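Visitor: I'm new to reading protein structures. Could you walk me through one, step by step?

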Amino acid sequence: MAPPANRRSGFSRRAQYSTFFSYAAGVIGAVVGAGLIVVSIVSPEAFSGLRSAATDVTEPAGQITATGRSYGKETVAELAGFFTSGKEHARLERELAEAKTQLVEAKATKAENQRLKRLLALKQDEPDAVAFAHLTRSSSASTRRFATIDAGRSAGLAKGMPVRSATGLVGRVLKVGEFSALVLLITDTESLVPVRRARDGVPAFAQGNGDGTIRVRLINLGINPLKKGDVMVSSGSGGLYRPGTPMAIVTEILRDGAIARVLSNPSDTDFVMVEKVWAPEAPPPPDGPEAGSD
Amino acid sequence: MSRLSSDDGPARTRINRAPSRLLAVTLPWLSILLGSLLPGWLLIASAPVLPPIGFLLFVAWRQLRPGLLPIWSGLPLGLFDDLYSGQPFGAAVLLWSIAAIVLELIEARVPWRNFLTDWLVAIGLMIAYIVLGLALANLAGASASLRIVVPQIVISVFSYPLVGRLVALMDRFRLTPFVVQR
């Protein structure tokens, strides 16, 4: 391709100056950028107000694209279903028959559970939803894993509230704008969730890897008891995340933990539920002075 | 005579029409701003998979029309990208400004370029942009490994010619004469 136009300054003093000043302005831009980075590293909250306001502004467009995304998914699912419907129907009938018997068993278990809980005088803690929202956008070109939801301060959201979908934990609210909120997804490298194995409660930490998987780190060292296919649920230790929220399924065993896959893939999630911050009940105070000695 | 034929585009075929001045000036800026917003809307990703479309458009516009966007355009455009990208605030301002200066220097030294050299230069810039973006995010506390940006780099490298095509299309649209001259 030929050079578009002669942009050499030549002997023209005016052209030389304008070239010089445009370079100088470019360097100033870089210096300003470096300054902004230093500020945002020193105080990460410095620009959160600006970012929240910016997300609030683009929220209507985000809602439209979220609707478009879900329509796109439905279309693909319908096309796929057209080819697999017969097989799927047979499978569902078989599963329904199995499920009916299991339902009866589950009812019996539930009744027994209620009886035992009444005996122990335990309070039934229902998950209390603050708001239901769309996931409208995400930082899909960045190394960090953030998403935006279309509910904000006006819907009663506050910083730290856990966000979950029907299938599992999605993340927690990081910054709250007026009509939108930024969610730190559990796959982000800065997200750390205390978890336990659903089956027997082996305690661990789940940290995001940044690439869609989760690194499970065991708290107890020694023989690694994890197996492929183990489901990790949030343990609620330290508060914030309600215990028992399904989170990830183990796919690969490492020496001191495992790599797990997230159960609620955010790209398949239409609606999410924002829950209240979970706080464990404080232990009862010791009765007498001799309680500490034994 | 071939320049008058319809194959050469609409720029030569209409008498008494001129391109819209407003469109000609604002379209590059608007397209880059939209490109900064677009990756977030396309998909709720759990890994960095989409190319930084705003940056790709920025490089493509500067390669197609050197001097159309001033060297300092990295400052306002990067500032807008930072609002939505999720990287530490200021990363795009810094990296886009440096990219603009590098492109200007290359343009001054190698004015005769072809598709391949443009693509190679863009590949270098994209890899540097994504890796330095990761480094800046890690400096701000992300501690992610280099492995997670490899898919993004590959996708960016192969989507750049497409973005270049899109920019060429937009450039034709920008210079289409449809405003009636009096």
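**A guided look at the two chains**

Guide: Welcome! Helix 1 of chain B (residues 21–42) has 22 residues and reaches 31 Å from its first C-alpha to its last, close to the 32 Å expected at 1.5 Å a residue. Please keep in mind that this is a predicted model.

Visitor: How is chain B built along its sequence?

Guide: Start by counting elements: chain B has 6 helices and 2 strands. Its C-alpha trace spans about 60 × 30 × 30 Å along the principal axes. Read along the sequence, the pattern is β-α-α-α-α-α-α-β.

Visitor: What percentage of the residues of chain B count as buried?

Guide: A residue counts as buried if 20 or more other C-beta atoms lie within 10 Å of its own. Chain B has 182 residues, and the share that counts as buried is 42%.

Visitor: Which helix gives the largest share of the side of chain B that touches chain A?

Guide: The contact takes 55 residues from chain B and 48 residues from chain A. On the chain B side, the elements that give two or more residues are helix 1, helix 3, helix 4 (91–109) and helix 5 (115–139). The largest share, 7 residues, comes from helix 4 of chain B.

Visitor: How many charged residues are on the side of chain B that touches chain A?

Guide: Sort that side by class. It has 39 nonpolar residues and 14 polar ones. The number of charged residues is 2.

Visitor: In what order do the strands of the closed barrel in chain A run?

Guide: The barrel has 6 strands, with antiparallel pairing. From one strand to the next, the twist averages 45°. The order is 1-2-5-4-3-12.

Visitor: What angle does helix 2 of chain A make with strand 1 of chain A?

Guide: Helix 2 (residues 48–120) packs on the sheet, where it touches strand 1 (129–138), strand 2 (146–149), strand 4 and strand 5 (181–185) of chain A. Compare the direction of this helix with that of strand 1, and the angle is about 85°.

Visitor: Which residue is the bridge partner of Val163(A) in strand 4 of chain A?

Guide: Strand 3 (residues 162–164) and strand 4 (residues 169–176) of chain A run antiparallel and are joined by 3 bridges. Within that pairing, the partner of Val163(A) is Gly171(A).

Visitor: Which residue of strand 11 of chain A stands opposite Val250(A)?

Guide: Strand 10 (residues 246–254) of chain A is joined to strand 11 by 6 bridges, and the two run antiparallel. A hairpin of 2 residues links these strands. Strand 8 (residues 213–218) also pairs with strand 11 (residues 257–262), through 5 bridges, and there Ile214(A) has Ala260(A) opposite. Val250(A) stands opposite that residue too, Ala260(A).

Visitor: Is Gly222(A) buried or exposed?

Guide: Gly222(A) sits in the loop between strand 8 and strand 9 (231–234) of chain A. Its C-alpha is 9.4 Å from that of Arg255(A), 33 residues apart along the chain. Because Gly222(A) has 7 C-beta neighbours inside 10 Å, and 12 or fewer is the cut-off, Gly222(A) counts as exposed.

Visitor: And what about Ser143(B): buried or exposed?

Guide: You will find Ser143(B) in the loop between helix 5 and helix 6 of chain B. Ser143(B) has a positive phi of about 50° although it is not a glycine. With 12 other C-beta atoms within 10 Å, Ser143(B) is exposed.

Conventions
Residues are numbered from 1 along each chain as its sequence is written. Chains are lettered from A and ligands numbered from 1 in the order in which they are written. This is a predicted model: local features need pLDDT of at least 70, side-chain atom pairs count only at pLDDT 80 or more; totals for chains, interfaces and linings use all residues. Two strands pair if DSSP finds at least two bridges between them. Helices (H or I, at least four residues) and strands (E, at least two) are DSSP runs, numbered from the N terminus. Axes are lines fitted to C-alpha atoms, for helices over the stretch in contact, and angles run from 0 to 180 degrees between N-to-C directions. Two residues are in contact if their C-beta atoms, placed from the backbone, lie within 7 Å. The expected span of a helix is 1.5 Å times one less than its number of residues. Ala, Val, Leu, Ile, Met, Phe, Trp, Tyr, Cys and Pro count as nonpolar, Asp, Glu, Lys and Arg as charged, and the others, Gly among them, as polar.
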